[in-house]
Amino acid sequence: REKSKERDCPTMGINFILLINRQGKTRLSKWYTAIANKEKTRIMRELTTLILHRNSSHCNIIEWKDYKVIYKRYASLFFVACVSGSDNELITLEIIHHFVEILDRYFGNVCELDLIFNFHKAYFILDELIMAGELQESSKKTILRVITQQDVLQDNPNDNRPEL
């Protein structure tokens with residue numbers, strides 16, 4: 001009886017996020033569910049093919065297996081998120097857009113090369129925004145402040161070190 005109650009009240013949960021360029025190369029992948037590497041590769045290949053060959057006039061939401069794949073193209077990158085079939089697509093599109101806005105503010109008009117050469121920063125930002133598949137922080141200012149503090153710590157690692 002308890003399990004059916006949980007299924008009736010689903011929570012917003014992202015299974016994974018992918019950033020794919022127009023040539024089909026994955027530039028970022030973050031998985032929030034435990035999946036074997038072989039299966040991840042198969043999923044990425046399948047979704048990349050589906051999204052890249054899709055007409056631009058079609059909807060940005062694909063019903064795939066028991067999931068919904070929501071994607072949005074910004075310049076040369078596709079931002080892809082996979083959620084359960086009962087989750088809200090518009091909220092997921094907003095989360096994707098929020099992520100892009102934060103990347104834009106941090107990098108100053110983000111491009112694919114920023115993500116290639118600073119992939120660790122993109123992961124830091126994503127980790128501040130989403131944790132365990134759930135939106136963790138909605139404030140752009142807070143996320144950017146935390147990332148800026150991380151930059152200061154990385155640039156000056158000995159400044160905060162106690163003297164012996």
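Reply: Lining residues are those with an atom within 4 Å of a point of the cavity, a cavity being a set of grid points where a 1.4 Å probe fits but cannot get out, and the helices named here are DSSP runs numbered from the N terminus. The model is a predicted one, and in it the count comes to 1 cavity of 30 Å³ or more, with a volume of about 60 Å³ for the largest cavity.

The lining of the largest cavity draws at least two residues each from strand E1 (14-21), strand E5 (77-84) and helix H3 (89-107), and of the contributors H3 gives the most, with 4 residues. Among the lining residues are Ile14, Ile17, Phe79, Val80, Ala81, Thr92, Ile95, Ile96 and Phe99, together with Leu129 and Ile130. By class, the lining has 10 nonpolar residues and 1 polar residue, with no charged residues.

Leu129, one of the lining residues, also belongs to the contact that helix H5 makes with helix H6. Helix H5 (residues 119-129) packs against helix H6 (residues 140-155) at an angle of about 140°, their axes being 10 Å apart, and that angle makes H5 oblique to H6. The crossing in which H5 passes H6 is right-handed. On the H5 side the contact is made by Lys121, Phe124, Ile125, Glu128 and Leu129, and on the H6 side by Ile143, Val146, Ile147, Gln150, Asp151 and Gln154. By class, this contact of H5 with H6 has 6 nonpolar, 2 polar and 3 charged residues, whereas the lining of the largest cavity has no charged residues.

Technical notes: Residues are numbered from 1 along each chain as its sequence is written. This is a predicted model: local features need pLDDT of at least 70, side-chain atom pairs count only at pLDDT 80 or more; totals for chains, interfaces and linings use all residues. Side-chain values use heavy atoms; hydrogens and water are left out. On a 1 Å grid over the protein atoms alone, a cavity is a set of points where a 1.4 Å probe fits but cannot get out, and a pocket is an open set with protein on both sides within 12 Å along at least five of seven lines; lining residues have an atom within 4 Å of a point. Grid points are joined across faces, edges and corners, and a volume is the space filled by probe spheres set on the points. Ala, Val, Leu, Ile, Met, Phe, Trp, Tyr, Cys and Pro count as nonpolar, Asp, Glu, Lys and Arg as charged, and the others, Gly among them, as polar. Axes are lines fitted to C-alpha atoms, for helices over the stretch in contact, and angles run from 0 to 180 degrees between N-to-C directions. Angles under 35 degrees count as roughly parallel, over 145 as roughly antiparallel, 65 to 115 as roughly perpendicular and the rest as oblique. A crossing is left-handed if the near helix is turned anticlockwise from the far one by less than a right angle, and right-handed if clockwise. Contact means heavy atoms within 4.5 Å.
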